[in-house]
Amino acid sequence: GLYDLYSFRGIDVLVSSGLGGVSLIYANVLLRKDERWFVQEDLADGGYEHWPVSRADLDPHYDRAERMLNAQRYPFDHPPFDGTPKTAAFQEAADRLGREFMLPPLAVTFANDGDAPVPGEPIREEHPNLHGRTRYTCRLVGECDIGCNYGSKNTLDYNYLSAAKRLGADLRTRCEVRSFGPRAGGGYVVRFVEHDPDDEGRKIDTRSSAVRPEREVTCDRLVLSAGTLGSTYLLLRNRDAFPGLSRRLGTRFGGNGDLLTFALKARHPDGSPRIIDPGYGPVITSAIRMPDALDGGEGRGFYVEDAGYPEFLSWVIQATQGPGALWRWRRVAARILFSLLRREPEVDLSAEVASLLSETGVSAGSLPLLGMGRDIPDGRMMLKNGKLDVDWVKGKSGPFFDRLRDFSRDIAGVLGAEFKSNPTWYLGRVITVHALGGCPMGRSPDEGVVDEWGEVFGYPGFTIADGSVMPGPVGPNPSLTIAALADRFADRATGNA
């Protein structure tokens, strides 16, 4: 399916698999890295990150990526979007806590150019997308993280990959890279196998050359963009082919400070239930920014964003609430059975179904809170028995996570809600959807794997362009910064920098 979930020491990592990469399941937020958060610590003196690029270096590329991804802010000032309860609740929490509320740019189409935002309108596209299908403006169904069925999300298959295909790119899916390296006479060779969709669900030995014969392509310029886990794993696995590779391979790993918490069963000050309805709208609509010590705050800065989930989960959550739900299901089932045995079936069971759902305080009055920020990138990635392993614990980032968790608790408090941490927190673990590092940028091979243009030190024509090149946390959602860096690297690779 769309998801790959990895479990390592102290951290679980959720990534995506498919044409379009993580854009298929991310929550669309396109925030720029804060100008003062481009940290330049002296690594020789025990610092953890040094960014060889600045905000000024990336701003033109941020602009380009925003245009390509058709960034639009949530139209909270326009009906029917102005009735989004979770956005209103988040804004109220920000105001009451004296913090900055924002509507970040999103890679979601809410309106065609020049038109008012309307859910479910056909999107006008200058060129057909590679799927040849009609897309529609956001229908507010909260399905961003499971793959938008209406094409409202501006995932990479609708923009960059569609443009690449129009320009003659050969897009191949179900291909698994096994090895790659420099070739005699210059350039690089990539060896891969192609998987057959007819083999889904069958257990076969894909390592056997008889089952999966290796194919190869050669290239003058190689770009590796397999994501933080994929790129680092492939380089570790093929390290013998790159004897001059920096010893920093596998370092600077972190989860961008990701922390998931929950505000449950919110209530108004008078005790009445507060409707938040997290299934209405895109997954994320708004954010609160907490400043860093670098820009006048305390500690390491972070963002907290409202979150949602598909509406069908509200039904699942509500129907399974507590032991009372099981008893109610049993009672109604018995009533239906007895009526059938008496040959007097009841046609209208509306009241019984309503009683099963009972009060909807959990599903309608709860809000997941997504936190992220400047954790300490002190993790290390390595191979263990031929498989990727990560040595990371939240120890040194503990004060950051405590501060982020306390603020999330404050949000729950002003909403009159119960605060709950992700259950994995009590096991000393976190889960991240923003894994970064492993092939970090640096000023020299002593500091990083790639230079400020993404080119691997010692291997001309070999560029890495994904989250693995981050020398530290981005702070806000890293997708736009990854895109901007890739755009910058492309300029250099094509001689336009």
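## A buried pair

Arg374 is buried, and Glu49 is buried too. This is a predicted model. In it, the two residues form a salt bridge. Their closest N and O atoms are 3.3 Å apart.

The pair joins distant parts of the chain. Arg374 sits in the loop between β13 (367-373) and β14 (380-384). Glu49 belongs to the loop between β2 (11-16) and α1 (55-68).

## Other salt bridges

Across the whole structure, a search finds 29 salt bridges. One of them links Arg207 and Asp205, with the closest N and O atoms 3.3 Å apart. Arg207 counts as exposed, because its relative accessibility is 71% and the cut-off is over 50%. Asp205 has a relative accessible area of 38%, so this residue is partly exposed.

Arg289 and Asp295 also meet through their side chains. The N to O distance in this salt bridge is 2.4 Å. Arg289 has a relative accessible area of 15%, which is under the 20% limit, so Arg289 is buried.

Salt bridges can also join up into a network. Here Arg32, Arg55, Asp59, Asp63 and Glu66 are linked in this way.

## Around Leu259

Leu259 lies in strand β10, which covers residues 259-264. Its relative accessible area is 8%, so Leu259 is buried.

Which residues does Leu259 touch, leaving aside its neighbours within four places in sequence? The contacts include three residues numbered in a row: Leu369, Leu370 and Gly371. Phe401, Leu404 and Arg405 are also in contact with Leu259. Trp425 and Val430 complete the list.

The C-alpha atoms of Leu259 and Ser408 are separated by 9.6 Å. Along the chain, the two residues are 149 residues apart.

## Backbone details

The peptide bond from Pro79 to Pro80 is cis. Its omega is near 0 degrees. Pro80 is found in the loop between β3 (72-73) and α2 (85-96).

Two arginines have a positive phi. For Arg174, phi is near 60 degrees, and this residue is not a glycine. Arg174 lies in the loop between α3 (160-166) and β6 (175-182). With a relative accessible area of 39%, Arg174 is partly exposed.

For Arg252, phi is near 65 degrees, again positive in a residue other than glycine. Arg252 lies in the loop between α4 (227-237) and β10. Is Arg252 buried or exposed? Its relative accessible area is 11%, so Arg252 is buried.

## A cavity inside

Rolling a probe the size of a water molecule over the atoms shows where empty space is left. How many cavities of 30 Å³ or more does the structure hold? The answer is one. The largest cavity has a volume of about 80 Å³.

The lining of the largest cavity is made up of 13 residues. Nearest its centre lie Cys138, Val141, Cys144, Cys148 and Ser152. By type, the lining divides into eight nonpolar residues, two polar and three charged.

Note on methods
Residues numbered from 1 in each chain as written. Predicted model: local features only at pLDDT ≥ 70, side-chain atom pairs only at ≥ 80, totals over all residues. Heavy atoms only, no water. Salt bridge = Lys/Arg side-chain N within 4 Å of Asp/Glu carboxyl O. Helix = DSSP H or I, 4+ residues; strand = E, 2+ residues; numbered from the N terminus. Buried < 20%, exposed > 50% of the residue type's maximum accessible area, 1.4 Å probe, protein only. Contact = heavy atoms within 4.5 Å. 1 Å grid on protein atoms, 1.4 Å probe; cavity = no way out; pocket = protein on both sides within 12 Å on 5 of 7 lines; lining within 4 Å. Points joined across faces, edges and corners; volume = space filled by probe spheres on them. Nonpolar A, V, L, I, M, F, W, Y, C, P; charged D, E, K, R; others polar.
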